[in-house]
Structures are given as structure tokens and as C-alpha cells.
Number of protein chains: 2
Amino acid sequence: MKVTGLFLEVLGGETKNPPPIWMMRQAGRYLPEYRATRAEAGSFLDLCATPRLAAEVTLQPIRRFDFDAAIIFSDILVVVMALGHGVRFDEGPKLEPLTTADTLDSNPQNWTKAFAPVYEALGLVRGNLEPSKALLGFAGAPWTLATYLAGGGNDEQKNAKLWAYRDPQGFGRLIDLLSACVATHLTGQIKAGADAVQIFDSWAAGLPPDLFERWVVQPTADVVRRVREAIPSARIIGFPRGASQSGLEHYAQATGVNAISLDGSVSLDWAAGKLETVLQGNLDPLALVAGGEALRRGVAGILQATRTVPFIFNLGHGILPPTPIEHVHELVKLVRAAA
Amino acid sequence: MKVTGLFLEVLGGETKNPPPIWMMRQAGRYLPEYRATRAEAGSFLDLCATPRLAAEVTLQPIRRFDFDAAIIFSDILVVVMALGHGVRFDEGPKLEPLTTADTLDSNPQNWTKAFAPVYEALGLVRGNLEPSKALLGFAGAPWTLATYLAGGGNDEQKNAKLWAYRDPQGFGRLIDLLSACVATHLTGQIKAGADAVQIFDSWAAGLPPDLFERWVVQPTADVVRRVREAIPSARIIGFPRGASQSGLEHYAQATGVNAISLDGSVSLDWAAGKLETVLQGNLDPLALVAGGEALRRGVAGILQATRTVPFIFNLGHGILPPTPIEHVHELVKLVRAAA
């Protein structure tokens with residue numbers, strides 16, 4: 001089956017008005033059908049590990065909103081679990097804080113075994129998704145996964161930063177192992193049917209420029225290089241959330257990603273002028289919760305700023321559980337009315 | 001008494017090597033003498049409200065480290081309390097979430113009564129501080145205070161952003177009242193002996209550009225205008241923590257502050273080239289916790305980037321409680337060795 005369509009055309013560098021649209025966390029708690037399937041599955045981890053149900057929730061937002069891309073339902077911490085480190089979900093992930101990479105499982109065959117349910121779910125989704133819709137895989141970036149491992153799931157990056165400052169070599173070994181595992185998982189997802197993949201660096205904010213270079217840009221470049229060694233045509237979106245503008249320019253030049261997803265604080269006027277790559281983003285999820293004038297102004301500003309560049313409409317971060325469904329319908333209507 | 005010295009010379013626009021140095025939260029829990037005075041006072045709020053003890057902890061880091069500036073020991077939430085809204089400290093501030101500005105006390109005479117202990121403490125400090133050392137007052141910025149009021153002290157900005165999106169006029173009334181009260185307090189502190197004041201916008205990160213303009217830049221400009229109406233020569237430092245680079249450029253041009261304090265994620269090479277104002281910052285507080293090579297490299301990079309511009313050495317955020325005191329001594333030595 002040849003997959004084409006608006007999303008992949010833009011990711012390939014074409015400029016389209018209206019742009020393609022999808023939303024981070026589009027398969028999620030704001031949808032009653034998601035909540036029903038989640039209840040059937042049991043826990044969040046059970047849902048991730050049951051291919052039939054993960055495929056079902058992946059397809060739900062496409063049926064309801066006709067988005068241009070589906071993103072496989074999974075979690076960035078599957079990489080951590082594949083490395084043999086336990087994760088418990090209890091209002092957010094809880095991990096035993098890690099202080100050395102030596103206790104992690106470095107056997108790629110074990111990783112692939114752990115990733116098998118994700119690959120099976122991708123196959124199920126691709127078989128039920130029309131060829132004009134793209135299917136996305138994803139993984140957490142090495143730095144973000146390291147912040148969870150070092151910090152026990154606390155969303156502060158303090159432990160990871162302290163480790164990186166005090167013991168750059170030991171921390172580097174952790175990052176290298178994570179890079180290898182992330183690259184393996186992204187490659188596996190593309191082989192299983194993903195048309196493109198996104199690397200989520202959710203905790204890239206607030207890093208001094210030298211740490212951003214060493215622990216965000218270089219490992220991401222390493223992941224991209226490894227994936228392209230296996231699949232030269234791999235299409236990769238990077239999302240260094242909270243990166244500074246200087247950081248974004250450097251990330252765009254140095255990592256080799258095909259596109260950059262921008263959080264809501266980034267000026268798209270600036271990005272369209274400065275970042276020579278495909279852009280994705282960046283409506284504030286709270287503007288979508290609020291709806292009304294805030295939503296209309298937010299969407300209009302984004303569409304205006306990105307008219308002349310290859311651009312994929314998205315949120316600046318995941319959709320929030322209290323988002324009214326009618327606001328999402330309104331969003332899709334506003335974006336598709338762009339000319 | 002005529003106060004002069006390195007800090008005020010640089011704040012006035014002169015370039016000095018070595019630069020002056022002070023640290024945000026320099027009177028704090030990392031110091032045993034602070035912990036002793038705090039125990040004598042009872043609670044954190046008791047310490048803020050007892051001028052003799054607040055003055056004592058303000059002077060402690062000057063005695064120990066010979067910093068170029070003292071900052072009065074107080075809290076950004078004194079403005080909230082002056083407006084008649086209760087604040088409880090219990091591992092961070094706890095407030096009843098506010099949904100309308102109408103319940104706040106808009107009588108400036110009551111505000112000034114509430115601020116009296118801060119002014120008394122400033123007088124005590126100034127009398128015991130040599131004239132070569134500057135004394136700083138401070139206040140929270142209207143946006144940051146609004147995030148505490150709307151969110152109940154939760155450090156997410158969600159409630160404030162939602163309020164601003166849904167009801168910009170009602171939220172604007174809150175911001176206007178906060179701006180008036182903040183300006184009153186900054187003016188009062190300068191009259192009581194502060195040589196300069198700093199406006200802390202601790203939660204300015206992650207705002208879309210139009211929200212940053214409307215709720216950070218404009219209210220700060222309003223505060224600066226009000227303070228200068230009362231005291232035309234008032235020296236004001238702004239600290240929009242987490243602002244984007246485009247945001248910082250706009251803040252520098254539009255608010256009228258004399259200097260901008262930068263968080264640790266901002267490239268000082270970029271800032272020294274682009275921001276036409278006095279700079280302050282921006283060592284990562286975790287590099288100071290780590291010490292050793294991380295500290296030496298961090299300090300060297302900052303000093304190198306700022307050699308040719310008016311610059312005040314500081315941290316990118318407040319010093320952390322686990323910081324070893326000998327690392328602070330090392331920091332001061334490294335900065336004072338700059339030539």
C-alpha cells in the first residue's frame with residue numbers, strides 16, 4: 001500500500017494551505033471512547049501493551065476528527081522498561097532513581113522483545129487507516145528519558161543535571177545506551193508500518209547552552225544517524241520542548257531531523273523566517289480548552305505566520321483532559337478553512 | 001550617606017572587570033546562620049515580619065562573602081497579603097484560588113501599612129551596610145503574582161492563563177490592581193533606603209508571544225512608569241524568568257528597566273550582542289551545587305561572554321539549599337579574579 005497525502009507531502013518539504021493537522025495526545029482522556037477502551041483495558045500500561053486496544057484508541061480521533069495523521073498509542077517510557085528498569089504509573093510515572101547505567105539491560109534482542117506489542121499495534125492501525133493518512137511512531141529523547149531515570153519520575157530535571165555536571169562520563173554512558181535503544185525502537189516502528197516518527201524531548205527547557213548542545217542536540221543527532229543507517233529515507237520530527245531560539249536554530253542545523261515541532265511560546269513569525277526546516281505546532285493547549293475568541297485568535301495568528309512555509313498544524317503540547325470536544329471540531333474547521 | 005560602588009556603577013551603564021556579584025536568595029537556607037535566625041523567628045512569615053531579624057539575615061551573606069549588593073529579606077507574596085488575600089506557607093505558599101479582583105483591598109493606605117515591616121528592615125540594613133554596598137528591594141511582577149492568586153500557589157500557570165483567555169477584561173482588572181500595588185511597594189522600598197529594586201517575574205516561561213506582550217511586558221512597563229512618576233531616578237532590574245529571546249528583546253526595549261536578569265538557559269554571547277541594556281545573571285544554581293569543573297567552566301564562560309558589556313554576576317535563579325558554602329567562596333574568588 002502506497003501511503004501519500006497532505007501530511008507526508010508537507011513533511012517532505014511542500015507548502016500547503018490549508019496545512020495538515022493532528023494533535024499531540026489526540027488519543028486521550030478528553031475522548032469518551034478513549035475512556036471506555038481504557039476502562040476495558042484496565043491500567044494505562046495494560047492499554048499500551050494490548051495491541052488490539054492500543055490500535056483502537058489510535059484510530060478513534062481519526063474517525064471523529066478526520067485528522068491527517070494518527071500517532072500510535074504508547075508511552076515514551078517503554079524505552080525505559082525495555083532497558084529493564086521498572087516504571088509504575090500512579091498519577092504520573094514513578095521510577096526507582098537510577099545512578100548508574102550499568103544496571104540497565106544492554107541486549108538489543110531483549111529491547112525488541114519488549115517493543116513487540118507496539119509493533120503489532122502499528123500493523124493493526126496501518127491495516128485500518130486509509131492511505132491518505134500518515135501513521136506516526138515516536139519515542140522519548142535520550143535526555144528526557146534520562147531525566148525520568150535520574151529523577152524517579154519527578155518532572156524536575158535537577159537530578160539529571162547534577163549527574164551530568166558531576167560525572168559527565170558516567171552520564172554520557174547512560175545517554176549513549178538510551179540513544180541506541182531509542183534508535184532501535186524508532187527503526188522498529190518504521191519497519192512495523194510507521195510513515196514517520198517523532199522524538200519527544202519534553203524536558204529540554206531551561207538548559208544552559210552548553211548542556212543543551214551536549215545532552216539534547218548531540219544525542220538527537222546520534223539517534224537520527226543510527227535510524228538513517230538502517231532506513232536512509234526515515235522521516236523524523238524532533239520536539240525539543242522549551243528550547244531557546246538559539247537552541248532551536250542549532251537543533252535544526254545539527255540534528256538532521258526533517259521537521260521541528262515547536263511549543264506554544266515560540267513565535268512562528270520568527271520560526272518561519274529563521275528555521276530552515278519543516279515546522280509543526282504550536283497552539284497553546286489552554287487556548288483550546290478556553291475556546292471562543294482565544295481559540296480563533298490563536299489559530300488565525302498561526303495560519304498567518306506559516307502561509308509561505310511547509311507547516312503542520314499541531315498544539316504546542318499535548319491536548320488537556322478538560323478540553324471540550326466541540327472546541328476540537330471548531331479547531332479543525334478553522335484550520336481547514338485556511339486558503 | 002552617599003551610596004556608590006561597583007554594583008551601582010554597572011547598573012548605571014559602566015563596564016567593569018571584575019563585575020559586581022550578588023546571588024538571588026543569598027540570604028537563605030544554605031547558610032547555618034540563616035537557619036539559626038529563622039529558628040529564633042519561628043515561621044518564615046514571622047521572619048519576614050520582624051524587621052530586626054529580617055535585617056540580620058539580609059546582612060549575613062554580606063559579612064560572609066562580601067557581596068556587592070544586599071537584597072532585603074522578604075517575599076514576593078507580601079503584595080498579595082497587602083491586598084488582603086491570605087497566604088499560608090506549607091512547603092511553598094498556599095492561597096485560596098482567586099476568581100475576581102473585586103474581593104481584593106484597593107486602598108493604598110492599607111497596602112502601605114502592610115509593607116511597614118519591610119521598610120523598617122530596609123532602614124536597619126542601610127544603617128549597617130557600608131556605602132560601597134548597594135541595597136536592593138524587590139517585588140513580584142503582576143503576572144507572577146496573578147499566577148499564584150489564580151492557581152492557589154500551584155506553580156503551574158494554567159489557571160491564570162485560562163482566566164486570561166476566557167475573561168481578558170476581568171483578568172486585566174486584577175493585573176492593573178497588582179501593578180498599582182507593586183509600584184507602591186517598589187516606590188516605598190526606594191524611599192526606605194533601597195538603592196535599586198528588582199521585579200521578579202518568576203513564571204514568565206512558556207507564554208505565547210501575544211500573552212507575554214499583554215501580561216508580562218505591558219504590566220511591567222506600567223509598574224516602571226508608576227515608580228518613575230514618584231522617583232524619576234529609580235533604578236529597576238527586571239527578571240522575566242524563562243522568557244524567549246524575542247521576548248527578552250521586546251522586554252528590554254519596551255519596559256524601561258535599567259537592567260535585565262537572565263535565567264541560566266539564555267546564551268550570554270547572544271545577550272551581550274543583542275540586548276542593549278545592563279545584563280545580570282546567569283550561572284545555573286546546580287553548577288554551584290556541583291562545584292568543581294562544572295563551576296569553573298560555567299563561571300569562565302559567563303565572564304568571557306560579558307567582558308565588554310555592563311554586567312552584574314548572579315545566578316540564573318535562586319541559590320539552592322543543598323549548596324555547599326565552600327562552593328560559594330570559590331565562586332566569589334573566581335569572579336573577583338577576572339581581569
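Let's start with A:Lys16, which is partly exposed at a relative accessible area of 26%. Here buried means under 20% relative accessible area, exposed means over 50%, and partly exposed is what lies in between (1.4 Å probe, protein chains only). A:Glu9 is also partly exposed, with a relative accessible area of 29%. The side chains of A:Lys16 and A:Glu9 meet in a salt bridge, 3.5 Å from N to O; that term stands for a side-chain nitrogen of Lys or Arg within 4 Å of a carboxyl oxygen of Asp or Glu.

Before going further, some ground rules. This is a predicted model, in which local features need pLDDT of at least 70 and side-chain atom pairs count only at pLDDT 80 or more, while totals for chains, interfaces and linings use all residues. Residues are numbered from 1 along each chain as its sequence is written, chains are lettered from A and ligands numbered from 1 in the order in which they are written, and side-chain values use heavy atoms, with hydrogens and water left out.

Back to the charged pairs. Side chains of opposite charge can pair when their charged atoms come close. Over all chains, a search of the whole structure turns up 30 salt bridges. One of them joins A:Glu33 and A:Arg64, at 2.8 Å from N to O. That pair links distant parts of the chain, since A:Glu33 sits in helix α2 (residues 32–41) of chain A and A:Arg64 in helix α4 (residues 51–65) of chain A, 31 residues apart. Helices (H or I, at least four residues) and strands (E, at least two) are DSSP runs, numbered from the N terminus. A:Glu33 is partly exposed at 22%, and A:Arg64 is partly exposed at 32%.

Now hop over to chain B, where the side chains of B:Arg126 and B:Asp195 form a salt bridge at 2.6 Å, N to O. B:Arg126 lies in helix α6 (residues 108–127) of chain B and B:Asp195 in the loop between α9 and β5 (196–201) of chain B, so the pair ties together parts that are 69 residues apart in sequence. B:Arg126 counts as buried, at 9% relative accessibility, and B:Asp195 is buried too, at 12%. Back in chain A, salt bridges that share partners join A:Asp66, A:Asp68, A:Lys133 and A:Arg336 into one network.

What about helix α9 (residues 168–191) of chain B? Its 24 residues should span 34 Å at 1.5 Å a residue, and its end C-alpha atoms are 34 Å apart, which agrees; the expected span is 1.5 Å times one less than the number of residues. Of those 24 residues, 18 are buried, so α9(B) is mostly covered. After α9(B) comes B:Gly193, with a positive phi near 130 degrees.

Next, see where the chains meet. 24 residues of chain B are in contact (heavy atoms within 4.5 Å) with 24 residues of chain A. The rule finds two salt bridges across this interface. In one salt bridge, A:Lys161 pairs with B:Asp284, their closest N and O atoms being 3.2 Å apart. On the side of chain B that touches chain A, α8 (158–166), α11 (245–254) and α13 (285–290) of chain B each supply at least two residues. The largest share, five residues, comes from α8(B).

Finally, look inside. In soluble globular proteins, nonpolar side chains tend to be buried together.
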